[in-house]
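Subject: Structure handover and notes

Hello,

I am passing on the structure we spoke about.

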Amino acid sequence: MKIGICSDHAGFEYKDRLKAHLESEGYEISDFGTHSTESMDYPDVAHPLAKAVEDGTVDLGIAMCGTGNGMAITLNKHQKIRAGLAWNTEIGELVKKHNNANILVMPARFIAFEEAVNITETWLNTAFEGGRHQKRIDKIPL
């Protein structure tokens, strides 16, 4: 599975550590940046990640910023993206199970790195339930 990953400066350290963890688990990772802790604008990395998920260049995406909100707002501007913000494993499971989130967003400044790993693993290993949830997802695009 190929996973795209991005962060702003606030999520940079977690992004790099999570990237290494996922590669050690056998995932192929495409890193959309940023590549330092220097202040930058999250849309500059969020839009390329969203486009890669939309066109199938990557199967799924993971994004991080300070609160996760900037990334989630930006990513969800794309019609084929369902970016779910998760700050614990239960929410990570539900954004996949009920919303079929194709991008996981996490708040780097508000969770421990170990929690980010646990959320990611839970999200990656959870299946979408479909059924009534698919009916709801079908109503999202404008």
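The notes below cover helix packing and then salt bridges.

This is a predicted model, in which local features need pLDDT of at least 70 and side-chain atom pairs count only at pLDDT 80 or more, while totals for chains, interfaces and linings use all residues. Residues are numbered from 1 along each chain as its sequence is written, and side-chain values use heavy atoms, with hydrogens and water left out.

Helix packing

Two packed helices are described by the angle between their axes and the distance between the axes. Helices (H or I, at least four residues) and strands (E, at least two) are DSSP runs, numbered from the N terminus. Axes are lines fitted to C-alpha atoms, for helices over the stretch in contact, with angles from 0 to 180 degrees between N-to-C directions.

Helix H1 (residues 12-24) and helix H5 (residues 113-124) have axes that come within 11 Å and cross at roughly 50°. That makes H1 oblique to H5; angles under 35 degrees count as roughly parallel, over 145 as roughly antiparallel, 65 to 115 as roughly perpendicular and the rest as oblique. H1 passes H5 in a right-handed crossing, a term for the near helix being turned clockwise from the far one by less than a right angle. On the H1 side, Tyr14, Arg17, Leu18, His21 and Leu22 make the contact (heavy atoms within 4.5 Å). Their partners in H5 are Phe113, Glu114, Ala116, Val117, Thr120, Glu121 and Leu124. By class, this contact of H1 with H5 has seven nonpolar, two polar and three charged residues. Here Ala, Val, Leu, Ile, Met, Phe, Trp, Tyr, Cys and Pro count as nonpolar, Asp, Glu, Lys and Arg as charged, and the others, Gly among them, as polar.

H5 also packs with H4, where the axes come within 8 Å and cross at roughly 25°. H4 and H5 are therefore roughly parallel to each other, and their crossing is right-handed. Thr89, Gly92, Glu93, Val95 and Lys96 in H4 meet residues of H5 that include Asn118, Ile119 and Trp123. The classes in the contact of H4 with H5 are four nonpolar, four polar and three charged residues. Asn118 is partly exposed, with a relative accessible area of 40% (buried means under 20%, exposed over 50%, partly exposed in between, with a 1.4 Å probe and protein chains only).

Salt bridges

Side chains of opposite charge can pair when their charged atoms come close. How many salt bridges does the structure hold? There are five salt bridges, each a side-chain nitrogen of Lys or Arg within 4 Å of a carboxyl oxygen of Asp or Glu.

One joins Glu28 to Lys2 (3.6 Å, N to O). Glu28 lies in strand E2 (residues 28-31) and Lys2 in strand E1 (residues 2-7), so this pair ties together parts that are 26 residues apart in sequence. Glu28 is partly exposed at 47% relative accessibility, and Lys2 is partly exposed at 24%.

Another joins Lys19 to Asp31 (3.2 Å, N to O). It links distant parts of the chain, with Lys19 in helix H1 and Asp31 in strand E2, twelve residues apart. Lys15, Asp16, Lys19 and Asp31 are linked in a network of salt bridges.

Glu93 and Lys97 form a further salt bridge (3.0 Å, N to O). Both residues lie in helix H4 (residues 89-97), four residues apart, about one turn of the helix.

Regards
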